[in-house]
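Morning, everyone. Please look at the structure on the screen, and I will walk you through it.

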Amino acid sequence: MATLATQVSTYADVYKRTGADGKLAGILEILNRANPMLDEMLTRECNDGTGHKTTVRTGIPQATWRLLNYGVPRVKTQTAAVRDTTGMLEVYAEIDKDLADLSGNAQAYRLSEAQGIMEGMSQQMAETMIYGNTLVNPERFTGFAPRYSDGLVSRAASGANVFNAGGSDPTSNTSAWLITWGEDASHALYPRGSQGGLRHRDLGEVTLEDGAGGQYQGYRDHFKWDIGLTVRDWRKNARVANIDTDQLNDATYIKALIKQMIEASEALPIDNEDSNAAGGKRVWYVNKTVRSALRWAILEKLVGNLTWETWMGKRVVMFDGTPVRRSDAIVNTEAVVPFV
C-alpha cells in the first residue's frame with residue numbers, strides 16, 4: 001500500500017478500500033487521464049467536519065550552546081493554527097431511457113456518456129488545486145497559487161520559495177510547481193465521516209422533463225466530489241513563476257529556466273532531496289507548453305539534468321531525479337507574479 005503515514009493515502013488506496021467490485025477503480029482510471037496529479041496526491045479525512053484544523057510551521061526554534069554552570073533559555077516550535085476547508089463539486093447526469101436502451105447495452109452507453117462528465121470534474125478539481133481562492137469563490141477551496149502568490153517575503157514567508165523566470169506579459173505567462181505530497185507537507189482533504197474521491201450513485205429510471213415541460217422516462221446519475229487542500233509546511237513546495245512561454249523556443253531562455261528550477265529545488269528542506277524521501281513524495285507539475293520545451297531540451301542535450309526515465313510504471317521526464325508531470329490545469333495566461 002503506497003501510504004506514507006497512517007492517516008494519509010493515495011486516491012488509489014482509497015478506491016481499493018471502498019471499491020472491491022472494481023467499479024470505483026475504473027472511475028479513478030478515467031480521472032487520472034484528465035488529471036495525472038491524482039497519481040501522486042495524498043488525501044486524508046478532515047478532523048473538523050468539512051474543515052481541517054492543523055498547525056503550520058512558521059519557523060525553526062534555535063537551541064543554545066551551553067557552558068558548564070550556565071543555563072539555556074526556553075524555546076518553542078514556531079507554528080500557526082490554520083483551518084482549511086473543503087468544497088463540494090457535484091453534477092446530475094440525465095439521459096433518455098429509450099436512447100440508452102436502443103444502444104443494445106444501456107449500462108455501457110451510460111458509462112460512455114458519464115466519462116466526459118467525470119473527466120470534466122477532474123479538470124475542474126485540478127484547476128482549483130492550483131488556482132482556487134475562497135476569497136474569490138467561497139464555495140471552492142484554496143489551492144496552491146494563493147499560498148505562493150508573490151516573491152515578497154515581507155508579505156508572507158512562503159515568498160522565499162517563489163522564483164522569477166522573468167516573464168512580464170500576462171498573455172504568455174505560466175508557472176512550474178514543485179510539490180511535496182505528504183502528511184507533514186501537502187495533502188488533499190475530504191469531509192469527516194465521508195469517503196475520499198469522486199463518488200457515483202446510479203439513481204436509476206426517473207421521469208424527466210424537456211424544456212417545454214413534456215415528460216419522458218430517463219436514467220439519472222449523481223456524481224459528487226468533496227475535496228480540499230492543506231499545506232502543513234510551506235518550505236516543502238516551490239513555484240517558478242513568470243515563465244514566458246513565447247521564449248521557450250530559445251535555448252538561452254530554457255537554460256535560465258533550468259537555473260530557476262535548480263534554485264527552487266535547493267529551497268526545499270534537505271530531508272526532501274529524494275523524490276520519494278521520508279519528507280514526502282516530490283513532483284514537478286508543468287503544462288504541456290513547458291514540458292514540450294523540456295523534452296526539446298533533452299533532444300538537443302542542452303542540459304545534463306533532464307532525462308527520460310520510468311517512474312511508477314510510466315515513462316516521464318525527470319529533472320534531477322524528480323518526475324516532471326504534465327497538468328493542463330496550469331494556464332499560459334497567469335497574472336504576472338510580483339517580486340518587488
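A word on terms: buried means under 20% relative accessible area, exposed over 50%, and partly exposed in between, with a 1.4 Å probe and protein chains only. By that rule, 47% of the 340 residues in the chain are buried.

This is a predicted model: local features need pLDDT of at least 70, side-chain atom pairs count only at pLDDT 80 or more, and totals for chains, interfaces and linings use all residues. Residues are numbered from 1 along each chain as its sequence is written, and side-chain values use heavy atoms, with hydrogens and water left out.

Now the layout. The chain has six helices and 15 strands. These are DSSP runs, numbered from the N terminus: helices are H or I, at least four residues, and strands are E, at least two.

Next, the inside. A nonpolar core is a set of buried Ala, Val, Leu, Ile, Met, Phe, Trp, Tyr and Cys residues joined through side-chain atoms within 4.5 Å. The largest one has 35 residues, and W177, W181 and Y285 are among those with the most contacts inside it. Its largest share, six residues, comes from α4. Another core, of 26 residues, lies apart from it and includes L248 and Y253.

Last, one residue. Where is D150 found? In the loop between α4 (106-131) and β5 (162-164). D150 is buried, at 6% relative accessible area. Its side chain makes a polar contact of 3.3 Å with the side chain of R155. That term means a pair of N or O atoms within 3.5 Å; within protein, one must be able to donate a hydrogen and the other to accept it, and residues adjacent in sequence count only if both atoms are side-chain atoms.
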